[in-house]
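Here's a quick tour of the model on your screen. Keep the viewer open and follow along.

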Amino acid sequence: MQLKARLLLGAVAVTASAGLALGVTAPLATASGPYVVDGSGAAYNDWGDEGTLSVNSHSKSNATRLWQSVLYADGAKWKDSGGDLHTFTPGDIDGIFGWKTRSATKYWQAQEDLEDVDGIVGKETFGQADGFLDGPYSDGTVTYTGLENEVTFKRLDGEYYVRIGSKWKVAAYDWRG
């Protein structure tokens with residue numbers, strides 16, 4: 001049932017993004033390279049070419065913070081040492097890809113019926129998530145419609161930004177606080 005609802009949400013987002021892309025004549029942003037989460041055109045296909053996030057790759061970064069926002073939006077769960085499940089919360093969004101993020105990522109991958117349920121965010125995982133992005137809107141916002149919450153990012157000049165407190169910071173693969 002959850003997968004059907006997810007697919008329906010994705011179809012609506014793709015249709016809305018396609019209409020938005022056709023109705024707005026904004027210049028295409030240039031790709032920013034491998035150091036930031038980037039995108040151009042409609043948002044629903046921005047992340048399928050992104051780098052890897054894991055406990056061993058870009059484990060402290062704002063790109064990880066972006067991914068953690070997706071986990072929160074979808075109500076992903078992490079498993080503690082006793083096997084109990086806990087929902088990923090805004091307090092878990094810290095930019096550190098530790099054991100909670102790895103566990104919640106595995107949960108998310110299993111819920112999305114991905115081939116690789118390994119706790120590593122690569123092209124398949126990022127590519128599945130970007131199907132639930134909508135925008136960018138005229139103010140540069142891009143929304144991710146999760147199963148539990150909606151989160152907002154900014155995409156300006158081809159670069160994604162995440163909110164840290166009251167400020168927007170570029171979703172870079174290196175640590176930028």
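Where is the place of Asp 113? Asp 113 sits in the loop between helix 3 (99-111) and helix 4 (123-129). Before going further, the ground rules: this is a predicted model, where local features need pLDDT of at least 70, side-chain atom pairs count only at pLDDT 80 or more, and totals for chains, interfaces and linings use all residues. Residues are numbered from 1 along each chain as its sequence is written, and side-chain values use heavy atoms, with hydrogens and water left out. Helices (H or I, at least four residues) and strands (E, at least two) are DSSP runs, numbered from the N terminus.

Most residues other than glycine have a negative phi, and most peptide bonds are trans. Asp 113 has a positive phi of about 60° although it is not a glycine, and at a relative accessible area of 61% Asp 113 is exposed. (On this scale, buried means under 20% relative accessible area, exposed over 50%, and partly exposed in between, using a 1.4 Å probe and protein chains only.) His 58 is another non-glycine with a positive phi, near 55°. His 58 belongs to the loop between helix 1 (2-23) and helix 2 (62-73) and is partly exposed at 37%. As for the peptide bonds, the one joining Gly 135 and Pro 136 is cis, with omega about 5°; Pro 136 is in the loop between strand 3 (133-134) and strand 4 (141-145).

Five strands make an open sheet in the order 3-4-5-6-7, with antiparallel pairing. Strands count as paired if DSSP finds at least two bridges between them. At the edges are strand 3 and strand 7 (167-170), each of which pairs on one side only.

Next along, strand 6 (residues 159-164) pairs with strand 7 in the antiparallel sense over four bridges. Among the partners are Arg 163 with Trp 168 and Ile 164 with Lys 167. That hairpin also has two residues between its strands, and Gly 165 takes a positive phi near 65°.

## A helix across the sheet, and a buried threonine

Helix 2 lies across strand 4, strand 5, strand 6 and strand 7, and runs at about 70° to strand 6. Axes here are lines fitted to C-alpha atoms, for helices over the stretch in contact, and angles run from 0 to 180 degrees between N-to-C directions. Contact means heavy atoms within 4.5 Å.

Now look at Thr 105 in helix 3, which is buried at 0% relative accessibility. Leaving aside neighbours within four places in sequence, Thr 105 is in contact with Trp 67, Leu 71, Phe 97, Gly 119, Ile 120 and Val 121. Thr 105 and Leu 71 are 34 residues apart along the chain, yet their C-alpha atoms are separated by 7.1 Å.

## Salt bridges

How many salt bridges does the count come to? The count is two, taking a salt bridge as a side-chain nitrogen of Lys or Arg within 4 Å of a carboxyl oxygen of Asp or Glu. In one of them, Arg 155 meets Asp 46 at 2.7 Å, N to O. Arg 155 lies in strand 5 (residues 150-156) and Asp 46 in the loop between helix 1 and helix 2, so the pair ties together parts that are 109 residues apart in sequence. Arg 155 is buried at 9%, and Asp 46 is buried at 3%.

Asp 92 and Lys 100 also meet in a salt bridge, at 3.4 Å from N to O. Asp 92 counts as buried at 11%, whereas Lys 100 is partly exposed at 28%.

## The second largest pocket

The second largest pocket has a volume of about 150 Å³. A pocket is an open set of points on a 1 Å grid over the protein atoms alone, where a 1.4 Å probe fits, with protein on both sides within 12 Å along at least five of seven lines; lining residues have an atom within 4 Å of a point. Grid points are joined across faces, edges and corners, and a volume is the space filled by probe spheres set on the points.

The lining includes Ser 69, Tyr 72, Ile 93, Phe 153 and Arg 163. Strand 5 supplies the largest share, four residues, while helix 2, strand 5 and strand 6 each supply at least two.
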